[in-house]
Amino acid sequence: MSFKFIQTPRKTAFLNPFDQFKPTEVEVDLRFDPLTGDRSRILSFRFKTLGKMDHSLYLERDKGRPCPFCPGNLEKMGARFLPEDVAEGFLSRGEAVCFPNAFPYGAHTYVIRLTKRHYVRPSQFTPAQVADGLLLAREAFKRLAPEDTYGSVNWNYMMPAGGGQVHPHFQIVSSKRATHFEEVLLRRAKNYATRHGQDMAAAYVEHEQADGSRWVGRLGPLAWMAPFAPRAIYDLMALSPGGKSLMDLTPKQVEGVARGICRVLKYFEAQGVGSHNMALHTSLKPGAGLPLMLRLVSRVQIPIMGIDEINYFEKLHDETVCFLSPEEMARDLKKVWRD
Ligand SMILES: [Zn+2]
């Protein structure tokens with residue numbers, strides 16, 4: 001086997017105040033991810049339930065504010081492309097509309113308003129809506145950033161995930177240089193190909209399908225699984241073997257990607273996950289070497305105090321503390337892995 005799934009158990013003992021101060025031993029599972037190089041700590045105890053998803057606080061705060069992404073407002077309030085770049089001011093496909101990010105964080109950062117509807121629950125997104133967003137991102141990369149090598153389609157859904165608007169929107173970014181995470185993945189993929197003469201994503205998918213413990217299923221061009229070392233309590237990863245990119249998928253394959261996203265979102269809502277981040281990492285040029293990877297992660301607040309799942313460990317040590325094992329989550333999701 002060419003992947004080293006490093007898993008180091010660490011035990012600690014104490015007198016347990018929740019069990020009449022009896023000596024108790026707790027195990028923590030330290031993991032190193034052979035695909036991404038990520039590190040996580042899986043705890044053996046877990047929260048009971050997140051409770052029901054609740055967006056009422058954000059919807060209440062949102063009342064009375066004019067939404068710049070709602071139909072009618074978008075045309076008046078949204079940023080527009082320079083006329084020499086896009087004569088119409090924005091790109092559109094179905095309900096999706098792409099326009100410049102008025103708060104840019106790079107040379108090519110754009111927003112894609114996904115739906116006409118202002119508020120959409122995670123389970124209500126349709127594959128057609130998500131596919132239109134992805135296809136529009138592809139058109140934007142082609143038309144507006146033809147020189148760029150790497151791109152990503154990202155999503156901050158709801159305020160705990162960093163979303164600035166309730167109205168669903170993707171954020172896309174492209175550059176000649178990959179982001180930090182992508183550079184690590186790219187380097188590991190190149191090293192793997194040199195060492196083993198094989199495509200890393202293809203070999204990893206093959207291993208995970210055969211192993212089965214974190215495997216969810218294949219759908220369209222992507223293989224879905226839970227990563228060995230998660231970046232969140234709920235972390236789903238999809239990979240495409242064989243050096244594919246968003247740029248060379250057929251519309252039907254893009255719809256397959258969108259169906260997978262919608263399945264995960266339905267599962268998220270059923271688990272009480274009301275906020276999520278997404279990143280679809282892609283090469284924009286043939287041979288650029290970045291594996292096509294999609295990540296969908298929870299951004300939950302743990303009851304009853306509403307504790308953010310991100311803490312000092314993740315923020316300052318680059319390690320994720322996780323209350324749910326990826327194996328357990330994959331088992332759960334597999335039960336409902338259907339449209
Ligand atoms: Zn709106």
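The model is predicted: local features need pLDDT of at least 70 and side-chain atom pairs 80 or more, while totals for chains, interfaces and linings use all residues. Residues are numbered from 1 along each chain as its sequence is written.

Helices (H or I, at least four residues) and strands (E, at least two) are DSSP runs, numbered from the N terminus. Helix α3 covers residues 127-144 and reaches 25 Å from its first C-alpha to its last, close to the expected 26 Å, a span of 1.5 Å times one less than its number of residues.

The two helices pack at about 125°, with axes 8 Å apart; axes are lines fitted to C-alpha atoms over the stretch in contact, and angles run from 0 to 180 degrees between N-to-C directions.

The buried residues of α3 (20 or more other C-beta atoms within 10 Å of their own) include Leu136 and Phe141.

| Strand | Residues |
|---|---|
| β4 | 91-93 |
| β5 | 96-100 |
| β6 | 108-113 |
| β7 | 150-157 |
| β8 | 169-175 |

An open sheet has the order β1-β2-β3-β16, with mixed pairing; strands pair if DSSP finds at least two bridges between them. Its edge strands are β1 and β16. Strands β3 and β16 pair in the parallel sense over four bridges, and Ser40 stands opposite Thr320 in β16.

Definitions and conventions. Buried ≥ 20, exposed ≤ 12 C-beta atoms within 10 Å, placed from the backbone. Contact = placed C-beta atoms within 7 Å.
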